Amino acid sequence: MAKQGTGLAGFGKFTELKQRLLFTLGAMVVFRLGSFIPIPGVNPEAMTRMIEQGGGLLNMFNMFSGGALARFSVFALGVVPYISASIVVQMLGSILPSWQQLRKEGASGQRIMTKYTRWGTVGLAAFQAFGISFALQKQGISGGVDVVYSPGFGFIFASVVGLTAGTMFLMWVGEQITERGIGNGISLIIFAGIVSGLPGAIVHTLSMAQSGELSVLKVLLVIAIIVAVTAFVVFMESAQRRIPVNYARRQGGGGRAYQNQTSHLPLKINMSGVIPPIFASSLIMFPATAATWFSSAQHFSWLQALTTALTPGEPIYEIVFGVLIILFAFFYTAIVFNAPETADNLKRSGALIPGIRPGKATSDYIDAVLTRLTGVGAIYLVLVCLVPTFLQTAWNVPFYFGGTSLLIVVVVVMDFSAQVRAHLVSHQYESLLKKANLRRS
């Protein structure tokens, strides 16, 4: 009987991890199935051809949605409205005094901030859905084929309701993955949308190499660059600047007996993660969206010229995109990391940085170190996001992964593997506690 119980215990050792992995996998399957449910009233062939003819911006947005935009499915907007709303809420949370107090209230304040984010997602999704459906009514492709079968109020209403509901459902799925699965749910949804088109891109590239459109040497060189950039991203995302911190602990005995304990304050080189490229991509696509709304207006011809200039591969696009990434990197780092608050926490816990006075001097020192790190991290993000664009422009390489997409894929995989390892370690600790009889049954 003892052996049987041991066997069953070993069989169910990683039950929780298996359940989380299966839940995550099931959620990804639901996302992929939903990306094939179309909004009624759109010619699917004409929509796909319009996306292919629309240039780099539409292709990039379509890639983030896993091809849902080309099919004009209920998930065509993806989770971009949720990301935009969460960034705006976090920005206001660091500016408005009342919202700053909510951030300090812990779980209760976080629930209120989450509620604001959800309402903001509804508003942004409805606004974007209205803009897309209104613009599609005026769109056509070569040959005189209209994208929308029956333009009018009915199509706009159905599109707004369907696209908004799809975004809200994806937001709910992402929150469920974060709570019951493995990894960050929103990031995993974006990751699934990006990698869903990878097999087709590989087949297309190999067919071009076989037909002679792309030389074998260029294919090998592109593979080598992808591997090198991936290794560089892994290195930079794992890199830290460790600031030494000393803790003074009183020992038993005399009142002046102290024991110094040394630790460190880890600061990542890229504190902002993938938010700056994502937000920069969303912002740089706004002129293209506005141009579709006012395509028939003669007074907005400058908007068409601006949209053309902000196409991936154009010099103005590279400059604007790089500047936006740098600005958002500094801005978002200032939101997620508060140097004065960190200095106060160190002072209250009796910790100090060697050679630096507690309080404002510590805050200034941490802020100076973080500023230098953010500068290095921003340059790293610009390089990673623009290198694939240079390949596409210089060699006409069908490089499926843009720099932003490659960065998202690598960071999400790293976070996912780290959380899996954390669950495995927690299970090992639980088994050790059981064997040592330190945990009561």
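Before any helix pair, a word on geometry: axes are lines fitted to C-alpha atoms, for helices over the stretch in contact, and angles run from 0 to 180 degrees between N-to-C directions. Helices themselves are DSSP runs (H or I, at least four residues), numbered from the N terminus. The model is predicted, with local features needing pLDDT of at least 70 and side-chain atom pairs pLDDT 80 or more, while totals for chains, interfaces and linings use all residues. Residues count from 1 along each chain as its sequence is written, and side-chain values use heavy atoms, leaving out hydrogens and water.

Start by selecting α6 (80-93) and α13 (275-284). Their axes come within 11 Å and cross at roughly 110 degrees. α6 and α13 are therefore roughly perpendicular (65 to 115 degrees). The crossing of α6 and α13 is left-handed, meaning the near helix is turned anticlockwise from the far one by less than a right angle (clockwise would be right-handed).

A search of the whole structure turns up four cavities of 30 Å³ or more. A cavity here is a set of points on a 1 Å grid over the protein atoms alone where a 1.4 Å probe fits but cannot get out; lining residues have an atom within 4 Å of a point.

Select Phe64, Ser65, Val79, Val80 and Ile190: of the 17 lining residues, they are the closest to the centre of the largest cavity. Which helix gives the most to this lining? α13 does, with three residues. Domain 1 (15-210) and domain 2 (214-248 + 261-440) both contribute residues, so the largest cavity lies between them; the bounds come from an automatic or database domain assignment.

Notes
1 Å grid on protein atoms, 1.4 Å probe; cavity = no way out; pocket = protein on both sides within 12 Å on 5 of 7 lines; lining within 4 Å. Points joined across faces, edges and corners; volume = space filled by probe spheres on them. Helix = DSSP H or I, 4+ residues; strand = E, 2+ residues; numbered from the N terminus. Parallel < 35°, antiparallel > 145°, perpendicular 65-115°, else oblique.
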